[in-house]
Amino acid sequence: MNLPFEYDRVAVGEFGGTTPTTTDFEKARVVIFPIPLDRTTSYVAGTRNAPHDILVASSHMELWDEETETDVHSIGIFTLPEMEFPFATMDEVMQEIRRVATELVTRDKFPVVLGGEHSITAPVVAAMAERYPGLSVLQIDAHADLRESFMGTPHNHACAMRRVLEYARATQVGIRSLSADEAAAAPMLPTEIFYDCNMRHTPDWIQRVVDSLSETVYITIDCDGFDPAIMPSVGTPEPGGLSWYEALALLRRVIESRRVVGCDIVELCPIPGNVAPNFLCAKLIYKILSYRFGSEIHG
C-alpha cells in the first residue's frame with residue numbers, strides 16, 4: 001500500500017469490503033483510521049480487537065441505506081492499516097496518533113477513527129482543532145471521563161474528555177457515571193452535560209444538544225453510551241443509555257444542523273461468538289457517513 005506518509009502498521013481489511021472496486025487514498029473523501037490501543041483499560045480488556053472486528057463486520061453489511069436512499073460508499077472510503085505501538089510511553093503514543101491525524105486533516109479527509117480505548121480521542125481532536133478553529137466535540141458516553149489523572153497517567157481512558165477539553169469545548173450526552181471529583185470539576189470546565197437520568201424530561205432534548213454545539217463539530221462515541229441490552233461488548237458497562245434509534249435521531253439532527261468534520265467509535269470490547277455489537281458499530285459508522293454525505297450524492 002502506497003501512502004503519502006508512514007507509520008508502524010499491520011495489514012487489515014477494508015471498511016465495507018463487499019464493494020467490487022477499491023478506492024485509493026488520494027480520491028477518497030473518507031479515511032478509516034484503525035487505532036487498536038488497549039493500554040489503560042481498567043476493567044475488561046480487549047479493545048485492541050475492536051478495529052479488526054468492526055472491519056470484518058462491515059464486510060457483511062449491505063451498502064444501500066434505506067433511510068437516506070444512498071450508497072454512500074460511492075464517495076470513496078479508504079481504510080488505513082492498523083497502527084502499531086512500539087512506543088515506551090503513553091506520551092509517545094499520543095504524539096504519534098496526533099501526527100497521523102494531522103496528516104489526514106491537512107489533506108482534507110473526513111477521518112473515521114476506530115478505537116481502541118477512549119484515550120485516542122484527545123490527540124485526534126488536537127489535530128482537528130488546529131485545522132478547524134472553534135471546534136466543539138459531541139460525546140456519547142456512559143462516563144464523563146473528566147478525571148485529571150487516573151491509575152498514574154493523564155492519558156488514561158478515564159481522562160479522555162479532560163484532555164479533549166484542552167483543545168475544544170464539549171457536549172456530553174448520556175452520562176450516567178462519574179466520580180465526586182468529576183462532578184465538582186464539571187461546572188468549571190468548558191462542557192455541557194446531558195445526564196441520562198433526566199435529559200429526556202424535555203421533549204426537545206435533541207435540539208438542546210444541537211444548540212450547545214459550535215458550527216463545526218467532531219463526534220466521539222464510546223460504545224458504552226448505548227444501552228447494554230444492545231451493546232454488551234464494552235469494558236465498563238453501565239445500566240441505561242441510548243437506544244439505537246435515539247442515537248440515530250441525535251446524530252442525524254446534529255449532522256444536518258452543523259458541519260461535522262470527523263468522528264470516532266471507541267471502547268468496543270468484542271465478545272467471542274457475539275458479533276451483533278461489532279455489526280452495530282459498523283452500521284453506525286455507515287449511518288453517520290450516509291447522513292453526512294448523502295445529500296451530496298443526491299446533489
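Colleague: What should I know about the model before we start?

Modeller: The model is predicted, so local features need pLDDT of at least 70 and side-chain atom pairs count only at pLDDT 80 or more, while totals for chains, interfaces and linings use all residues. Residues are numbered from 1 along each chain as its sequence is written, and side-chain values use heavy atoms, leaving out hydrogens and water.

Colleague: What is the volume of the largest pocket?

Modeller: The largest pocket holds about 220 Å³ of space. A pocket here is an open set of points on a 1 Å grid over the protein atoms alone, with protein on both sides within 12 Å along at least five of seven lines, and lining residues have an atom within 4 Å of a point. Grid points are joined across faces, edges and corners, and the volume is the space filled by probe spheres set on them.

Colleague: Which residues lie nearest its centre?

Modeller: Of the 16 residues lining the largest pocket, those are His 143, Asp 145, Arg 147, Ala 158 and Ser 177. The lining has four nonpolar, six polar and six charged residues. Ala, Val, Leu, Ile, Met, Phe, Trp, Tyr, Cys and Pro count as nonpolar, Asp, Glu, Lys and Arg as charged, and the others, Gly among them, as polar.

Colleague: And what is the volume of the second largest pocket?

Modeller: The second largest pocket has about 180 Å³. Met 94, Ala 122, Pro 123, His 155 and Tyr 167 are the closest to its centre among 16 lining residues. Its lining divides into eight nonpolar, four polar and four charged residues.

Colleague: Which helix gives the most to that lining?

Modeller: H2 does, with four residues. Helices H2 (90–106), H3 (121–131) and H4 (160–164) each supply at least two. Helices (H or I, at least four residues) and strands (E, at least two) are DSSP runs, numbered from the N terminus.

Colleague: Changing topic: is Ser 212 buried or exposed?

Modeller: Ser 212 counts as buried because its relative accessibility is 9%; buried means under 20% relative accessible area, exposed over 50%, and partly exposed in between (1.4 Å probe, protein chains only). Ser 212 belongs to helix H6 (residues 205–212).

Colleague: With which side chain does its side chain make a polar contact?

Modeller: With that of Thr 171, at 2.7 Å. A polar contact is a pair of N or O atoms within 3.5 Å; within protein, one must be able to donate a hydrogen and the other to accept it, and residues adjacent in sequence count only if both atoms are side-chain atoms.

Key
On a 1 Å grid over the protein atoms alone, a cavity is a set of points where a 1.4 Å probe fits but cannot get out, and a pocket is an open set with protein on both sides within 12 Å along at least five of seven lines; lining residues have an atom within 4 Å of a point.
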